[in-house]
Amino acid sequence: MELSINNVTKRYNKGKTTALSNYNAELTSGIYGILGPNGAGKSTLMNLITDQLKPDEGEILYQGQNISRMGKSYRERLGYMPQQQGIYQDFTGRRFLWYMAALKGLPTAKAREKIDELLSIVNLSKDADRKLGTYSGGMKQRILIAQALLNDPELLILDEPTAGLDPKERIRIRNFISTIAMNKIVIIATHVVSDIEYISKEVLLMKDGCLIVKDKPANILAKMEGNVREVLISESELPEIQSRYKVSNITSDADGIWVRIVDDKPQNKMNFRTVKPNLEDVYLSYFQ
Ligand SMILES: Nc1ncnc2c1ncn2[C@@H]1O[C@H](COP(=O)(O)OP(=O)(O)O)[C@@H](O)[C@H]1O
Ligand SMILES: [Mg+2]
């Protein structure tokens with residue numbers, strides 16, 4: 001499996017907004033975390049990969065073929081969970097999945113089997129006959145993930161899959177995604193580091209429509225080695241530290257306040273101790 005994004009540029013507003021700029025990436029099977037703040041261009045990229053939008057420049061190839069010319073044979077391989085919850089409030093969960101299965105052209109027997117299996121996987125068997133309008137945010141996200149999986153896609157695109165979920169649900173969804181990722185290209189767009197930190201084969205950091213880093217998490221962290229520090233301070237020192245450094249975490253205990261900072265050369269005589277970087281630190285160093 002191979003998805004190639006070649007020199008893709010996408011503009012809106014008659015060319016006035018460049019949402020994606022000369023984007024290049026080669027993806028093979030595994031989980032890819034597309035990480036960046038709101039407005040970075042993640043959803044635009046997802047819409048291009050799912051062929052809902054056409055690039056202004058460049059092309060996207062799947063197994064060497066331009067996706068815009070593959071039509072049905074591409075859609076059959078694609079599962080897509082969009083960011084916007086345009087969801088049918090009056091449908092029950094089960095009816096919604098039957099409807100999506102019909103749109104995807106699944107045969108009835110296969111659809112029945114898949115729908116039961118997926119309802120169970122996303123933990124909605126019990127609520128399958130309730131209307132979507134009565135679902136919580138987390139339940140809606142889960143039914144949307146289920147519909148994306150109906151056709152056993154080779155290419156699974158999830159746009160902000162944990163939006164609106166509580167921490168327990170986030171972990172559940174993340175674990176679930178990592179168990180279904182075998183022999184698939186899974187692309188997760190998110191601004192939440194923890195959604196992708198431990199499950200991604202590669203992380204793609206996006207800023208202002210540009211790909212700024214594409215690498216294995218371990219390599220990205222290795223480059224930050226030595227730049228993350230902790231220091232114990234008193235409360236009165238906090239404002240100065242915050243104005244001077246990128247602060248990735250603050251915790252207080254009986255001894256005082258532990259501050260975690262990201263900086264390659266702290267200009268301060270304080271007693272900093274170097275700690276192991278995590279992806280939150282990396283995110284902060286690029287985006288604060
Ligand atoms: N349909 C649209 N029309 C005009 N501008 C858009 C449209 N969709 C997105 N944009 C703009 O393109 C940029 C990237 O947006 P988007 O791809 O939604 O980013 P993200 O998903 O990372 O938040 C933003 O500046 C956004 O305002
Ligand atoms: Mg988005």
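The model is a predicted one, in which local features need pLDDT of at least 70 and side-chain atom pairs count only at pLDDT 80 or more, while totals for chains, interfaces and linings use all residues. Residues are numbered from 1 along each chain as its sequence is written, chains are lettered from A and ligands numbered from 1 in the order in which they are written, and side-chain values use heavy atoms, with hydrogens and water left out.

Helices (H or I, at least four residues) and strands (E, at least two) are DSSP runs, numbered from the N terminus. Serine 43, at 22% relative accessibility, is partly exposed, and so is glutamine 83, at 35%. The classes are buried, under 20% relative accessible area, exposed, over 50%, and partly exposed in between (1.4 Å probe, protein chains only).

I turn to the aromatic residues. Rings of Phe, Tyr and Trp (its six-membered ring) pair if their centres lie within 6.5 Å; planes under 30 degrees apart count as stacked, over 60 as edge-to-face and the rest as tilted. By this rule there are 8 aromatic pairs. One of them joins tyrosine 88 and phenylalanine 96, which is tilted because the planes stand at 40°, with the ring centres 6.0 Å apart. Tyrosine 88 is partly exposed at 36%, whereas phenylalanine 96 is buried at 2%. Tyrosine 245 and phenylalanine 272 make an edge-to-face pair, with 5.9 Å between centres and 85° between planes. Tyrosine 245 is buried at 5% relative accessibility, and phenylalanine 272 is buried at 17%. Tyr88, Phe91, Phe96 and Tyr99 form one aromatic cluster. Arginine 95 lies over the face of phenylalanine 91, 4.2 Å from the ring centre; the criterion is NZ of Lys or CZ of Arg within 6 Å of the ring centre and within 35 degrees of the ring normal.

Next comes helix α6 (residues 167–180). Its buried residues are Glu169, Ile173, Arg174, Phe176, Ile177 and Ile180. Seen down the axis, the buried residues of α6 fall within an arc of 165°, so they line one face of the helix; the arc is that of the directions from the helix axis to the C-beta atoms. The face turned away from this buried side carries the exposed residues Pro167, Lys168 and Thr179. What covers the buried residues of α6 includes β3 (30–35), α4 (108–121) and β7 (155–159), contact meaning heavy atoms within 4.5 Å.

Finally, two backbone details. Glutamine 63, in the loop between β4 (57–62) and β5 (65–66), has a positive phi of about 50° although it is not a glycine. Aspartate 152, in the loop between α5 and β7, likewise is not a glycine and has a positive phi, of about 45°.
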